[in-house]
Amino acid sequence: MTDVTGFGFAGHLLEMCRGANLNATIHTQQLPLLPKVDKYLQQGCVPGGTHRNFASYGDSLPKMTAQQKNIVCDPQTSGGLMIAIDPQHAEQLETLLAENNLALFKVGQFSAHNNEACRIQFL
């Protein structure tokens, strides 16, 4: 588990993958976004921190669209938590979050990898 803050979604995802020695597959269409974010991205409203984040860890990310990059590297986050849990305990976590009126967004999954560098895939 990690809080998603200034390093953006991708930066914290990389941290978790490297720390746990896992790969990740993320469904970017399932990421919770602010309303009208597409409109602002089309107008070129991208914070400088997004570019700095990508410059610092982008070589560890797969090829992606500009929109995906601008979303997953954006430092402007709500500080929400990124949680990875064994699927056999998922129902317990969902119940706990629901009982406490906390939103849950399932955006991807982790998987084991061989001895190569961690691999992230954005779909």
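## Largest pocket

Helix α5 gives 4 residues to the lining of the largest pocket, the largest share. The model is predicted: local features need pLDDT of at least 70, side-chain atom pairs count only at pLDDT 80 or more, and totals for chains, interfaces and linings use all residues. Residues are numbered from 1 along each chain as its sequence is written, and side-chain values use heavy atoms, without hydrogens and water.

The pocket has a volume of about 1,500 Å³. A pocket here is an open set of points on a 1 Å grid over the protein atoms alone, where a 1.4 Å probe fits, with protein on both sides within 12 Å along at least five of seven lines; lining residues have an atom within 4 Å of a point. The volume is the space filled by probe spheres set on the points, which are joined across faces, edges and corners. Of the 42 lining residues, F9, P32, L81, F105 and V107 are the closest to the centre. Two or more lining residues come from each of α1, α2 (37-42), α4, β3 (81-82), α5 and β4; helices (H or I, at least four residues) and strands (E, at least two) are DSSP runs numbered from the N terminus. The lining comprises 30 nonpolar, 8 polar and 4 charged residues, where Ala, Val, Leu, Ile, Met, Phe, Trp, Tyr, Cys and Pro count as nonpolar, Asp, Glu, Lys and Arg as charged, and the others, Gly among them, as polar.

Leaving aside residues up to four places away in sequence, F9 contacts (heavy atoms within 4.5 Å) V4, I26, L31, V72, M82, V107 and F122.

## Salt bridge

The whole structure holds 1 salt bridge, defined as a side-chain nitrogen of Lys or Arg within 4 Å of a carboxyl oxygen of Asp or Glu. It joins E94 and K106 at 2.7 Å, N to O. E94 lies in α5 (residues 90-99) and K106 in the loop between α5 and β4 (108-112), 12 residues apart.

## Positive phi

K36, in the loop between β2 and α2, has a positive phi of about 65 degrees. N101, in the loop between α5 and β4, has a phi near 55 degrees.
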